[in-house]
Amino acid sequence: MWSKLDYIHLNPVRARIVEKASHYMYSSATNYVNDEGLILIEKATNPVVDVLDPNAFTKYNQQH
């Protein structure tokens with residue numbers, strides 16, 4: 001699921017419409033980065049690693 005979400009979020013970047021996925025106003029990437037967007041969404045949670053938490057990989061490695 002995460003690879004699909006990344007793929008969708010990066011389409012405007014690949015098309016050179018914006019430099020960062022979160023800059024595309026119609027993307028839910030803005031919700032994941034800034035907790036705000038055009039519409040309210042229910043953000044998916046990653047049961048393994050929170051990709052937005054810089055310490056998540058360290059926490060994951062300590063648990064496993």
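Student: Where does serine 22 lie?

Tutor: Serine 22 sits in the loop between H1 and H2. Keep in mind that we are looking at a predicted model.

Student: Why is serine 22 called buried?

Tutor: Buried means under 20% relative accessible area. Serine 22 has 16% relative accessibility, so serine 22 counts as buried.

Student: Which residues does serine 22 touch, not counting residues up to four places away in sequence?

Tutor: With those set aside, serine 22 touches Ala29, Thr30 and Val33.

Student: Let's turn to the whole chain. What pattern does the chain follow along the sequence?

Tutor: The pattern reads α-α-α, with 3 helices and 0 strands in the chain. Of the 64 residues, 22% count as buried. The accessible surface comes to about 5400 Å², and 55% of that belongs to carbon and sulfur atoms. Among contacts with a separation of 6 or more, residues 24 or more positions apart account for 15%.

Student: Now the tyrosines. What makes the pair of tyrosine 24 and tyrosine 26 edge-to-face?

Tutor: Two numbers are needed here, because a pair of aromatic rings is described by the distance of the centres and the angle of the planes. To pair, ring centres must lie within 6.5 Å, and planes over 60 degrees apart count as edge-to-face. By this rule the count comes to 1 aromatic pair. Tyrosine 24 and tyrosine 26 form that pair, with 5.8 Å centre to centre and 70° between the planes, and it is edge-to-face.

Student: Why is tyrosine 24 called partly exposed?

Tutor: Buried stops under 20%, exposed begins over 50%, and partly exposed lies in between. Tyrosine 24 has 26% relative accessibility, so tyrosine 24 counts as partly exposed.

Student: And how do you know whether tyrosine 26 is buried or exposed?

Tutor: The cut-off for exposed is over 50%. At 62% relative accessibility, tyrosine 26 therefore counts as exposed. Tyrosine 26 lies in the loop between helix H1 (2-14) and helix H2 (29-34), and tyrosine 24 is found in the loop between H1 and H2.

Student: What is tyrosine 24 in contact with, leaving aside its neighbours within four places in sequence?

Tutor: Tyrosine 24 is then in contact with Pro12, Ile17, Val18 and Thr30. As for glycine 37, 13 residues apart from tyrosine 24 along the chain, the two C-alpha atoms are separated by 9.8 Å.

Student: Which residues form a nonpolar patch on the surface?

Tutor: Met25, Tyr26, Leu38 and Ile39 form a nonpolar patch, with about 500 Å² of accessible area together. Patch residues need over 30% relative accessible area. Isoleucine 39 has 59% relative accessibility, and that is also why isoleucine 39 counts as exposed. Isoleucine 39 is found in the loop between H2 and H3. Isoleucine 39 and tyrosine 26 are 13 residues apart in sequence and 9.0 Å apart in space, C-alpha to C-alpha.

Student: Why is serine 28 called partly exposed?

Tutor: With 23% relative accessibility, serine 28 falls between the limits of 20% and 50%, so serine 28 counts as partly exposed. Serine 28 has its place in the loop between H1 and H2. Leaving aside neighbours within four places in sequence, serine 28 is in contact with Leu5, His9 and Ile41. Serine 28 and isoleucine 39, 11 residues apart in sequence, are 8.4 Å apart C-alpha to C-alpha.

Student: One last topic, the backbone. What makes phi of arginine 16 worth a comment?

Tutor: Most residues other than glycine have a negative phi. Phi of arginine 16 is near 60°, a positive value in a residue other than glycine. Phi of aspartate 35 is near 55°, also a positive value in a residue other than glycine.

Student: Where do arginine 16 and aspartate 35 lie?

Tutor: Arginine 16 lies in the loop between H1 and H2, while aspartate 35 lies in the loop between H2 and helix H3 (56-63).

Student: How do you know whether arginine 16 is buried or exposed?

Tutor: Exposed means over 50%. Arginine 16 has 75% relative accessibility, so arginine 16 counts as exposed. Aspartate 35, at 59%, therefore counts as exposed too.

Terms used
Residues numbered from 1 in each chain as written. Predicted model: local features only at pLDDT ≥ 70, side-chain atom pairs only at ≥ 80, totals over all residues. Heavy atoms only, no water. Patch = residues over 30% accessible without salt bridge, like charges linked within 9 Å, V, L, I, M, F, W, Y side chains within 5 Å. Areas by Shrake-Rupley, 256 points an atom, 1.4 Å probe, with all protein chains shown as cover. Salt bridge = Lys/Arg side-chain N within 4 Å of Asp/Glu carboxyl O. Helix = DSSP H or I, 4+ residues; strand = E, 2+ residues; numbered from the N terminus. Buried < 20%, exposed > 50% of the residue type's maximum accessible area, 1.4 Å probe, protein only. Contact = heavy atoms within 4.5 Å. Phe/Tyr/Trp six-rings, centres within 6.5 Å; stacked < 30°, edge-to-face > 60°.
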